[in-house]
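Hello,

Here is the structure I promised to hand over. Please have a look, then read on for what turned up.

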Amino acid sequence: QPTDLTGLPDGVPEHLAEQGIEELYPPQAEAVEKGVTDGESLVASVPTASGKTLIAELAMLAAIERGGKALYIVPLRALAGEKAREFEQFERYGLSVGVSTGNYQSDGERLANNDLIVATSEKVDSLVRNGARWVDDLACVVADEVHLVDDAHRGPTLEVTLAKLRARVPDLQTVALSATVGNADELAAWLDAELVDSDWRPIDLRTGVHYGQALHLDDGTTRELPVERGEAQTAAIVRDTLQDDGSTLVFVNSRRNAEGAAKRLATVVAKELTSGQRAELAEVAEEIRADSDTETAETLASAVERGAAFHHAGLSRTQRELVEEAFRDRLVRTVCATPTLAAGVNTPARRVVVRDWQRYDGDSGGMKPLDVLEVHQMFGRAGRPGLDPYGEAVLVTDDHDGLEALFDRYIYADPEPVRSKLAAEPALRTHVLATVATRFATTREELLEFLDGTLYAEQTDETGRLEQVTDDVLAYLDANEFIERDDGLRATETGELVSRLYVDPMSAAEIIHGLREADAETTPLGFYHLVSRTPDMYELYLRSGDREKYTELLYERETEIPGSTPSEFSEGEFEDWLSALKTAALMEDWTEELDEDRIAERYGVGPGDIRGKTETAEWLLGAAERLAGELDLDCTTAVRDARKRVDYGVREELLDLAGVRGVGRKRARRLYRAGIEDRSGLRNAEKPVVLGALRGRRKTAESVLAAAGHPDPEMDDVAADPDAAP
Ligand code: ADP
């Protein structure tokens, strides 16, 4: 019973009861028995939607009650805000919640005033590198979705961050939440933690495969589920679920497939809607359109009008929230989602269909089956406790042999064990430099001792392997003058800066090399290319025809790019050079004020990708600017201008104007056309001119004028029709 809970702020049990939490679920009770509210470390390996969050909340509340701080590490930046808002309910106990997103270096000390902090592992890592002192006050750290240490790109940072916090803060309570994995015991051994390893679920889950005209279930039974002529299997399942008044969540492997499936399934759902439901859905669709006027928003809104939706990382936060809410309210009856939805967001459905169990793999260029772990996490979204009699999760196949194969691969299979990816060189490169730069390790022995506290060390049988890679990495860092190895280990000034800037040392080496080669002929395109060819910028793939196109562009503009073009005979390198040029060309179009729609079309990317790329470029150019300054290079100013142009997405002449708060690239151009050329022009502008340029938007005009320091920004005295004004 929650009333048996001790060590928590007064009133917590009553507060939980108000939210329908009358008693603890068995895994939660086990966690409490094992001491999670008394500061014991714990690994909770429990199925999705079985109440892991509450385990973490109890641990954090108790830790704060004991007088320490709590840190909650989220797997995705997009989840940080959501989690923080969820935890704000506890502010009634006088504690404060802070969230750290945004740029890598900012807001370190602001967080010091919060009791509960939510951040990604990259952010925590960066704050530690930049000397955040509040870290020493931590009593409890929670790692959400800790099985992601297995992820080749982001896993090592989570792993090292946990190891570092634990080495730095004695007796730090570590609570690691994990999906059910094959080796939770190893995670517990690594973290010196108690273990709750359970497959208990609050609601029954039936799993199976749809083949032919029937659902084949894991208990050996078969249930008829006929597919009409010309109908897809998924559509038949959605129709069947609707007849039982249930909702369906469909997992597919790409954004485009999510949109396509939602469009098609909307026709199935639309047939079952009442006029009242239609009216409510129309309202949701209007809110989606009001949020943005992109093509994605329009596609989403028109599916929502008919009771279906899609959900993927290309949606804005508002759009995602509207979809999730409408699905929980049972207005939208089908959501087609990419796997991002399986992580974190609480949107259960009667039925889950995993339509695509393979996805495109950039490394191999082919299709790759999903992990059992991932599919089980998607399965876990089936069934709403207290609302559905049970949940049902199914795969689909149209091939008789596939039926048995899918049962073996996903239904009867156990999830994979989690394996550390730390020994990969890029990961070690950056973390070894940081460990040395922060003086966390001052000798090779100390470094190895620290690395011994990682999951990698816990798991590896190969003695000497970690030592070998570490020595290779040290040699690399030394050769690039990021560290010195005379007596002990010490970062050079450049090395320290690289670590604080949070760039991969290999990116930094490439940038420094390029900056040294920059000359009077180097243009912004050249700097965009320089940062686009580093490992910190994810690549734009070359599509058919691109090779010829960008080879031509390369030879046309070669002198603008610092560094030397690799030989066409070294296949891989030349290819990388070209795809960096494609990225640089995108950046150039952006800074030439091309419309986002046009850019999206020209490069085959979504609006979210354009933002992602320009943000990354801006960050890397910022790092380049700092490095150029540190090394006293002539190109510092040129790099700064290139950075600002990417930041604002404007031509040179608008840099000043676009920097005024609330102006941005489009409005800056309109103001400029109206004869207002810079900040001081705006400060002294005629109000009707400004209002006209801003298409009569008074509120915007007022705030823009105020931001520019106009003595009297009020628009009350300006005539309604700006054209008619004197
Ligand atoms: P997980 O983090 O394991 O995926 P959540 O923590 O999101 O799962 O829990 C899923 C849902 O179950 C939430 O809506 C939560 O409020 C509810 N819940 C958690 N614990 C209990 C409980 N003891 N009794 C009733 N509902 C609970």
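**Backbone, rings and helix pairs**

Alanine 49 sits in the loop that runs between β1 (42-45) and α3 (52-65). Keep in mind that this is a predicted model. The phi of alanine 49 is positive, near 65 degrees, in a residue other than glycine. That deserves a note, because most residues other than glycine have a negative phi. Alanine 49 has a relative accessibility of 41%, so it counts as partly exposed.

Glutamate 481 also has a positive phi, about 60 degrees, and is not a glycine. Its place is the loop between α18 (465-479) and β18 (483-484). Is glutamate 481 buried or exposed? Its relative accessibility is 58%, so glutamate 481 counts as exposed.

One more loop residue is alanine 232. It lies between β10 (222-224) and α8 (233-243). Alanine 232 is partly exposed, with a relative accessible area of 46%.

Now the rings. How many aromatic pairs does the structure hold? There are six. One of them joins tyrosine 72 and phenylalanine 87: the ring centres are 5.0 Å apart and the planes stand at 65 degrees, so the pair is edge-to-face. Tyrosine 72 belongs to strand β2 (residues 69-74) and phenylalanine 87 to helix α4 (residues 77-87). The pair links distant parts of the chain, 15 residues apart. Both tyrosine 72 and phenylalanine 87 are buried.

Phenylalanine 440 and phenylalanine 450 form another aromatic pair. It is edge-to-face, with 5.4 Å from centre to centre and 75 degrees between the planes. Phenylalanine 440 is in the loop between α15 (425-437) and α16 (444-451), while phenylalanine 450 is in helix α16, so the pair ties together parts that are 10 residues apart in sequence. Phenylalanine 440 is partly exposed, at a relative accessible area of 26%. Phenylalanine 450 has 8% relative accessibility and counts as buried, because the cut-off for buried is under 20%.

Two arginines lie over ring faces. Arginine 206 is over the face of tyrosine 390, 3.7 Å from the ring centre. Arginine 665 is over the face of tryptophan 590, 3.9 Å from the ring centre.

Helix α23 (residues 571-591) packs with helix α24 (residues 596-603) at an angle of about 165 degrees, their axes 10 Å apart. That makes α23 roughly antiparallel to α24, because angles over 145 degrees count that way. The crossing of α23 and α24 is right-handed. On the α23 side, Lys582, Ala585, Leu586, Asp589 and Trp590 take part. They meet Glu596, Ile599, Arg602 and Tyr603 in α24.

The other helix pair is α6 (residues 155-168) with α15. Their axes come within 10 Å and cross at roughly 25 degrees. So α6 is roughly parallel to α15. The crossing of α6 and α15 is right-handed. Which residues of α6 and α15 meet? From α6 come Pro156, Thr157, Val160 and Lys164, and from α15 come Ala427, His431, Ala434 and Thr435.

Best wishes

Methods:
Residues numbered from 1 in each chain as written. Predicted model: local features only at pLDDT ≥ 70, side-chain atom pairs only at ≥ 80, totals over all residues. Heavy atoms only, no water. Phe/Tyr/Trp six-rings, centres within 6.5 Å; stacked < 30°, edge-to-face > 60°. Helix = DSSP H or I, 4+ residues; strand = E, 2+ residues; numbered from the N terminus. Buried < 20%, exposed > 50% of the residue type's maximum accessible area, 1.4 Å probe, protein only. Lys NZ or Arg CZ within 6 Å of the ring centre and 35° of its normal. Axes fitted to C-alpha atoms, helices over the stretch in contact; angles between N-to-C directions. Parallel < 35°, antiparallel > 145°, perpendicular 65-115°, else oblique. Left-handed = near helix turned anticlockwise from the far one by under 90°. Contact = heavy atoms within 4.5 Å.
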